[in-house]
Amino acid sequence: MFSLIKKEIREHVLSRKGVWIFFAISILFSGLTYSFISVKELSLLAQVEVNMTFMKALIGISILVSIILGSTMVSGEREQGTLESLLLTPLSKMKIILSKVIGILAFWLIISIISIPYFYALTYGTNMLFTILAYLYLIGLPLVISFSLLSLAFSSWISSSKNATLLSIIVFLVTAIPMFLSTTIKKSGFAHLVDSLSPVSSSMLTLKDWLVNKLSTFTILMDSLPVLCFLIISIICLSYASKKMDFLGGE
Amino acid sequence: MFKKATIIIAILLGFFVTEKNAFAMEQPNIEVKIISPNQVKDYPGKETIVKAQVINYTNHSIKDLVVYITMADMGKKWTVNLEDYSADKPEQIKELKAGETKEISLPIRFVYTSNYYLYVTATSAQSLDIYSSIGIPIEIIGNTKINPTIIQIVSIGTPLIILVFVIIHFTKNRRKRVA
C-alpha cells in the first residue's frame, strides 16, 4: 500500500502538472492578497473580513482541485487500462481507494502550506492566525475530504472521467449556490433549504461565528454539523462505490 | 379704506394658511422612530438589530407597509449597497390600524470602515408618500493592521520560491532522463 501511496504522490503532487498547479495557485493567492491593499473597496474591509474572503477563496480552490483530481483517479486508470493490473495486486479495493485519498490529501496539504505565508501577512498585528489555521484544518480539511471522497465514488461508479468530473462539479456548485445568492433570496424557498443543508454554507457560517461573532464552542459545533454529516455520507458513498469498482469488460 | 382692509385680511389669511400647512407638516400621517440604538461606534463586523416604531396618525388603517433600513455614507458622500450589510430585506406590516403603533426589528451587520447616518424608512402601496425617521450616527472604526510591505513581500516572494522549486524539479528530471 505504501508503494501505491508513493505512486499517487509522484503522479499527482510531484509531477509536472502538479508543480505548475501549485505555482498557478500561488499566483492566484498573490493577486488576491495584493488586491486587499491596492483595490479601494477591498482595502476598506476589516482585517477579519479580509481573512474570511481569503479563506473562502482557499476553500473554493481546494475543493475544486480535489474534485478534479478525485474524479479522474479511478476512471482515468480505467480509461488507460491500468486499473486491471491495480485490481490484480493483493491490495483490497478499499486500500487502493485509501491510497488515492491520501494522494489527494497530500496535494491539499501542500496548497494549505502555500496559503500559510499569505495568512501570516493578512493576520499581521492580530492573534487571528491560530484561529484561522485551526479552522482550516478542523473544518476546511473535512470539507475537502468529503468532496474528494464523493468525487472518487463518482469516479468508481462512472466509467468516464469527463462525466465523473462534471457530476462532481455539479454537486459542488449546488452546495455552493447560497454563496452567490443575496440574503433576501436565501431566507425563503429552495434557496433557504439548500442554504441550511449545504456543507459549504455551513462551513462559511462556522467561520463567521468563530472569527467575527466569537460564539460558543457548542454553537460552532452545531454550525459545522452539516459538514460532518456530509463527510459521513461521502464515506458511505465511497465504501459502496469501492465495491462496484471494476475494470471495463471486453474481449 | 376698503382696499386697505382687503389687503390686511388677505395678509392675515396668508398667515393662517401658512400656519396650517406648517402644522400639517409637523403632523405626518405616519411617523417612524428609531428606539434603539441611539448610535453605534464599533469595529467592522459588528452586528446589531435596529428597533423602530411605526405610528399611524391617520383615522384609517394603512395596508402593506414596507419598512427598511437606509444608510448614507457621510465619509464618502454616497449611499450604501445594503446587501453588503445583510440589511436588504425589508420588514412588512400587513395592516397598521388608525392610531396604532407597531415595533419592528431590522438586523444589520456593519462591514466597511466609515461614518454613516442610518435611518428607517416606511412606505405603503396605498400612497406615494415616504416617511423616514431621524438618522442615527454610525461610526465604524478601522482596525486593520495589515502591513502593505509584508503583503508585497509575501505576494512576490511565495510564487518566486515555488518557481525555484519548479525549476529544480525540472532540472532533476532532465538530469535523470539524460543519465
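This is a predicted model: local features need pLDDT of at least 70, side-chain atom pairs count only at pLDDT 80 or more; totals for chains, interfaces and linings use all residues.
Good morning. I begin with Ser86 of chain B, which is found in the loop between strand E5 (78-79) and strand E6 (91-96) of that chain.

What is the phi of Ser86(B)? The value is near 50 degrees, and it is positive although the residue is not glycine. To place this in context, most residues other than glycine have a negative phi, and most peptide bonds are trans. Ser86(B) has 17 other C-beta atoms within 10 Å, and therefore counts as partly exposed.

Asp64(B) likewise has a positive phi, of about 50 degrees, and it too is not a glycine. Asp64(B), however, lies in strand E4 (residues 62-73) of chain B. Because Asp64(B) has 13 C-beta neighbours inside 10 Å, it is classed as partly exposed.

Which residues are joined by a cis peptide bond? They are Ser36(B) and Pro37(B), and omega at that bond is about -5 degrees. Pro37(B) sits in the loop between strand E1 (30-36) and strand E2 (40-42) of chain B.

Ser36(B) also leads us to Lys51(B). Setting aside residues up to four places away in sequence, Lys51(B) touches Ser36(B), together with Ile35(B), Glu103(B) and Ser105(B). Lys51(B) itself belongs to strand E3 (residues 47-56) of chain B. Is Lys51(B) partly exposed or buried? Lys51(B) has 15 C-beta neighbours inside 10 Å, so it counts as partly exposed. Lys51(B) and Pro107(B) are 56 residues apart along the chain, yet their C-alpha atoms are separated by 8.7 Å.

I now turn to chain A. Chain A contains 13 helices and zero strands. Of its 251 residues, 41% count as buried. Among the contacts in chain A with a separation of 6 or more, 77% are between residues 24 or more positions apart.

In general, two packed helices are described by the angle between their axes and the distance between the axes. Helix H8 (residues 161-180) and helix H10 (residues 189-197) of chain A pack at an angle of about 110 degrees, with their axes 9 Å apart. H8(A) is therefore roughly perpendicular to H10(A). On the side of H8(A), the contact is made by Val174(A), Ile177(A) and Pro178(A); on the side of H10(A), by Ala191(A), Val194(A) and Asp195(A). Of the residues in this contact, five are nonpolar, none is polar and one is charged.

Next, how do the two chains meet? In total, 32 residues of chain A are in contact with 28 residues of chain B. Helix H2 (16-38), H4, helix H6 (93-122) and helix H9 (183-186) of chain A each supply at least two residues to the side that touches chain B. The largest share of that side, 11 residues, comes from H2(A). By class, the side of chain A that touches chain B has 20 nonpolar, 10 polar and two charged residues.

Finally, I come to the largest nonpolar core, which has 87 residues; Leu122(A) and Val54(B) have the most contacts inside it. Helix H4 (residues 47-80) of chain A gives the most to this core, with 13 residues. The core also draws at least three residues from each of domain 1 (29-140) and domain 2 (145-179) of chain B.

What does Leu122(A) touch, leaving aside its neighbours within four places in sequence? Leu122(A) is in contact with Thr33(A), Phe36(A), Val50(A), Asn51(A) and Phe54(A), and also with Ile146(B). Thank you for your attention.

Notes: Residues are numbered from 1 along each chain as its sequence is written. Chains are lettered from A and ligands numbered from 1 in the order in which they are written. Axes are lines fitted to C-alpha atoms, for helices over the stretch in contact, and angles run from 0 to 180 degrees between N-to-C directions. Helices (H or I, at least four residues) and strands (E, at least two) are DSSP runs, numbered from the N terminus. Angles under 35 degrees count as roughly parallel, over 145 as roughly antiparallel, 65 to 115 as roughly perpendicular and the rest as oblique. Two residues are in contact if their C-beta atoms, placed from the backbone, lie within 7 Å. Ala, Val, Leu, Ile, Met, Phe, Trp, Tyr, Cys and Pro count as nonpolar, Asp, Glu, Lys and Arg as charged, and the others, Gly among them, as polar. A nonpolar core is a set of buried Ala, Val, Leu, Ile, Met, Phe, Trp, Tyr and Cys residues joined through C-beta atoms within 7 Å. A residue is buried if 20 or more other C-beta atoms lie within 10 Å of its own, exposed if 12 or fewer, and partly exposed in between; C-beta atoms are placed from the backbone. Domain bounds come from an automatic or database domain assignment.
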